[in-house]
Structures are given as structure tokens and as C-alpha cells.
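Hi,

Here is the structure I promised to pass on to you. Have a look at it first, and then read on for what turned up.

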Amino acid sequence: MEIYEDDNPFENDVDRISSETSSTSRVNISAPSSPPPSAAHLVSPTITHHSRPFPSPGTSRQPQPMYKNDICCNRDRWLHSGEDVEILITDAQKTTINSATPYIAYVIQAGTAEARHRYSEFESLRSSLVKLYPTLIIPPIPSKQSISDYATNPSKAKEDAAMIARRKRMLQTFLNRIARHPILSNEHVFHRFLDGEVSWTEVLHSPPLSLLPKNMLKAPSHNPTDQSVSPAYEALPNPSATYPLRHPEQRFVDSEVFTNRFAGHLSGPMEKVSRRMLKRWSESAHDYSELGAALNGFSLNESGALASAIEKTGQAVDATYMSTTRLLQELEQNWAEPLHEYTQFASIIKKLLVYRHQKHVQYEMTKDALENKRELLGEYEKSEREAKRLEEALARGRVNDLSPRPEGQEENEGPDEPASAYLPPHPEPNLYKRRAPGMGFLNALSYTLHGMMDVDPETARRNGISKTRETISQLEDALHLAAQDLKYSGSTIQADLDRFQRQKVADLREMTISMARSHRDWCKKNLETWQAAKKEIEKIPDHPNSMPATQSGKGAAGPSNTRRDSSATVNGR
């Protein structure tokens, strides 16, 4: 990971300039500061000392005092009690409560409260938090079963013991990451999820989740459920994620590049090699199991010291199988699962940066639309001025025609010019005219088209000026809102990226330490068992088929005096 540190756009210095200050200087917009978040989105008061970031499974947790004055419920009081709280998933039970088909319910223990939720409800909790907080990194949940798992064994795919145990661990990590987040831990929807006395279906159909908009890009970033927002949000465009920016912000471009490299490295070499390593450890453990059973059976055919030595060797192989199985479990829990979780984190950050990209595109498109409408209004006003000058000129001409002519001037000196432009009115339809069958719709359409063509140009121009001014006023309000959202989303996303970077460093450190500890324990356990086997092996007599040295003759210097010591062979010398 060191090769990425020089290009890492996520700050890791605690004395860095705050994101709120740095973002306003980089985004070239002249807009007031972002609106304050609502009471439901307030951040906990700042702690003077630095608390430990989110730990991965197995990390020694430090107390994280997150004191809070405005407590909303008992779960909120427990989470912000200042103690080292931890949410546990104690069990996974098969049940049919409120369902026609059986499912797995995960038992959640949060202080004195106990709740039961199925996997789909964890999914809905996370998707709800993503919509409520579009500028925060929402922790991932374990992935669903693959299609191949359902295709090969559909009846047992949902009841696989290893899959359920893995989900228990990763769902527990998901809940604890939310509980330790400085903003997400204040969300009352999360508190109600931990409360077993509240129906989750009722929570999904009540505020604030019932107030979420259909299009998150046309809602305020700081509080998407705000019902008192300006209707100018509807005037904002809905850009695609691939729409290019004319003036991108360099730090977020760097963040996208770094995140893509980080995701490619994790999901590519690291995850592939880790899966291959775990597979080989599993095959090795299976081979040790078979070898141990074979040695133990073989020892029954022998007798004496040889039988004891073979039996002890089989026991050492069995111990190696058990320690390897233990090592495999620890690598799965403390290395492979957190590694996959950070692969999911990379995808989440990509989506977060896409949201911020769309907000920036939204601002630029609104600004362009406003400039185009202002140019159109200028053309309308120019046409209006020219029309007024023409009308004034025609009025002066009519006055000159009505003035007395000089004597001797012929009355018909030139061709007659009309005093004013006269447009005959559109002829009314003849009510008594007999229509052919089936021609009523065509006649009505023809009449409507004639009426559209006979509209007074002056009236159309003035209507266009009025509508354009109204659109400009709406776009100005929309541009102001887009500028506020862009500034807020930029500063909030950058702040959460900085927090995530500190969390990532701490978690990767813990992952590597855990891997080293697991291998050390594996080596120590195997060393003890094989040393015990070695002592038993040394009790086997030296070459039982050879005569002892005392019986072969005193002065005979035969090969027996120079033969290789069997203990030396065992010791490897």
C-alpha cells in the first residue's frame, strides 16, 4: 500500500485545514455558506482528544466518549453514554414470523434491547441511510449469495452454516461502524432498528423515510426530506454520471483516480491471491486430516516403541490439522472478510464521488441555462425596442398624412399608402355549413392552426418576455441552491473521506498484525506437538536388525563403530 501514499488525496494529518474551509476556495462559486443541517442531522459535539477509528473484527476497542445533550430515545442514550458500547449479533435463528416461508433472523443485542431482523431488513436500513445521507460513506453489508450457489443447491443456499456465520460477523461489523460514526449514530431510524419493540415495516412507512424524494438530485444535499424547500429544485437538471465537466475540481479528480487504483488493487491481486491461499490452506488441512487417520490406523499393526512413535506422529499430524483449521478460520475472519469489505468500500466511495460529480454538472448546466435565457431576454427586449421605434415612426407618418397639404399640391401625387397595417380577423366558423362525415376533427384542427398563425406578433413577443423573465428568476434561485449543494457536498464528502482514510490505516494495521499473530500461534502450536513426537520417536532402538557393538568383538573395528547415528538423522544433522 505504500506505493499509493504519495498520490493519496485523502488527508491523514490531524492538523490539516478543515475541509469546509478548503472546499470554498476551490469551487469557483460565489454563494453564501451552506444551510445548517436539521436537528436530525446534527453532528455530535467535537471531542478534544482523538478517538480510535472504526475497528475491524478483532481490534482492541478503545472507549469512545460521544457525549450528547439532545437525547431522542433509550438507544441514543446508550450509544452516547460515553462507555465503550458494542452491538452484538448473538444468534441466527430460523423462523416463519410474519412470513409464509422460513427465513433466518439475526438476533441483535444492543445494551438491554434485543431485536430480530432478517437480511433484507439490513439491506433496507443501509439503502435508507444512503438516501438520508447522500454525502456520507455508509458502511457495506455482506454480499448476497451468488447465482451459482442458488443454481447448484437452491434449498440449502439460504441455510448454509458457513454463510450464516460469515453474515453474522459482517453484519455485526456493519452495525458497530454505524454506531461509531459521528453523524450516523445520531439517526433515529438506526435507533429504531436496534429497538426490538418497533416494527421495521412501520419505520419504513413513517417519516423521515416516507418523505424521501424519488430523485435525490432534486433534493437538498444536507436534508433530502426537507418539505419546506424551494420549488426551484424542480428546475434543476438531471445529468447523467458520465456527463463531462468543463471545470472539474482537481482534488476530486485525484480522489477518483486514487479510488480506482485502490479498488483495482484490492479486487484484483490481493483478493485473488487471498482466495487462492485460503483454498490451499483448506486442502492442506484436509490432507493432514487424512494422513493423521492413516498413521493412527497403521500404529495398531505395530508394537512396542515403533507403535508408540507412529501413534505419536499421527497425533502430531492431527494437531497440525486442527491448528491449520484454526489458522484458516482466523485468516478468513481477520483478513479475507475485512479485505472484501474494503473492496466494497471502494465501490461506495466511487458512487459518492459520482453523486458529487452530478451535483457539479448540475451547477454548470443550470448556469449555462441561465446565461442562455438572459441572452434570449436580451433579444426579446431588443425586438421590443425596435417595434416601439417602428410604431413611433408609423405614428408620426399618420400625423403627417392628416395635416393640411400646401396649395397647388395634387391630391393623388403618389401611390396611396395605408395609414396602418390592418390584419383581418380570423373568420368565424359557419355554424350552418354542412360538414361531411368524418371531417369534424380535421376542420377543428385546421381552425386551431389558423388561429395560431394569426396571433398578434406583439402579443407573442410580450408573452415571451414575461415567460423568459419568470424562467430567469426561477433559474437564479435554482443556481443559488445548486451552489449551496455543491459547496456542502464537497466539504462533507471530503471530511468523510479524511475520516475514512484514518479508519483504513488503523484497520489495515490491525489486519496485518492479526495475520502475523495467527501464523505465530500456528507455528508455536505445531512446534510443541512435533517436539513431543520427536521425543517418542527417539525411543525407537537403533537399527534393531544389527548386533550391538559389545557382541561383535572387542578388537574388531567394523562398520558398526562408524555407522550413522539414528538420533542424528532425527535431529537433521
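Below are my notes, starting with the whole chain and then going through its parts.

Please keep in mind that this is a predicted model. The protein has 12 helices and three strands. Of its 573 residues, 38% are buried. If you take the contacts between residues at least 6 apart in sequence, 74% of them join residues at least 24 apart.

**The sheet**

The three strands make an open sheet in the order β1-β2-β3, with antiparallel pairing. β1 and β3 are the edge strands, each pairing on one side only. From one strand to the next, the twist averages 25 degrees. As background, strands of a sheet pair through backbone hydrogen bonds, either parallel or antiparallel.

Strand β1 covers residues 88–95 and is joined to β2 by seven bridges. If you want a pair to find on screen, the bridge partner of Ala92 is Tyr106 in β2.

How enclosed is strand β2 by the rest of the structure? Seven of its eight residues (103–110) are buried, so β2 is largely enclosed.

The loop between β1 and β2 holds Asn98. Asn98 also has a positive phi, of about 60 degrees, although it is not a glycine. Most residues other than glycine have a negative phi. With a relative accessible area of 81%, Asn98 is exposed.

**Helices on the sheet**

Helix α3 (residues 119–132) lies across β1, β2 and β3, and runs at about 100 degrees to β3. Helix α5 (residues 161–179) packs on the sheet too, where it touches β1 and β2. The direction of α5 makes about 135 degrees with that of β1.

Ser120 sits in α3 and is partly exposed, at 37% relative accessible area. Its C-alpha is 9.9 Å from that of Lys144, a residue 24 places away in sequence. In α5 you will find Gln172. Is Gln172 buried or exposed? Its relative accessibility is 19%, and buried means under 20%, so Gln172 counts as buried. Leaving aside its neighbours within four places in sequence, Gln172 is in contact with Glu86, Ile87, Leu88, Ile89 and Arg167.

**The α8 and α11 pair**

Helix α8 (residues 250–299) and helix α11 (residues 457–537) meet at an angle of about 20 degrees, and their axes are 14 Å apart. That angle makes α8 roughly parallel to α11. The crossing of α8 past α11 is left-handed.

From α8, the residues in the contact are Arg251, Phe252, Ser255, Phe258, Phe262, Met277 and Trp281. From α11, they are Gly490, Ile493, Gln494, Leu497, Lys504, Met515, His519 and Trp522. By class, the contact has nine nonpolar, four polar and two charged residues.

Pro208 is in the loop between α7 (200–204) and α8. For comparison, most peptide bonds are trans.

Happy to go through any of this with you at the screen.

Best wishes

Conventions: Residues are numbered from 1 along each chain as its sequence is written. This is a predicted model: local features need pLDDT of at least 70, side-chain atom pairs count only at pLDDT 80 or more; totals for chains, interfaces and linings use all residues. Side-chain values use heavy atoms; hydrogens and water are left out. Axes are lines fitted to C-alpha atoms, for helices over the stretch in contact, and angles run from 0 to 180 degrees between N-to-C directions. Helices (H or I, at least four residues) and strands (E, at least two) are DSSP runs, numbered from the N terminus. Angles under 35 degrees count as roughly parallel, over 145 as roughly antiparallel, 65 to 115 as roughly perpendicular and the rest as oblique. A crossing is left-handed if the near helix is turned anticlockwise from the far one by less than a right angle, and right-handed if clockwise. Contact means heavy atoms within 4.5 Å. Ala, Val, Leu, Ile, Met, Phe, Trp, Tyr, Cys and Pro count as nonpolar, Asp, Glu, Lys and Arg as charged, and the others, Gly among them, as polar. Buried means under 20% relative accessible area, exposed over 50%, partly exposed in between (1.4 Å probe, protein chains only). Two strands pair if DSSP finds at least two bridges between them.
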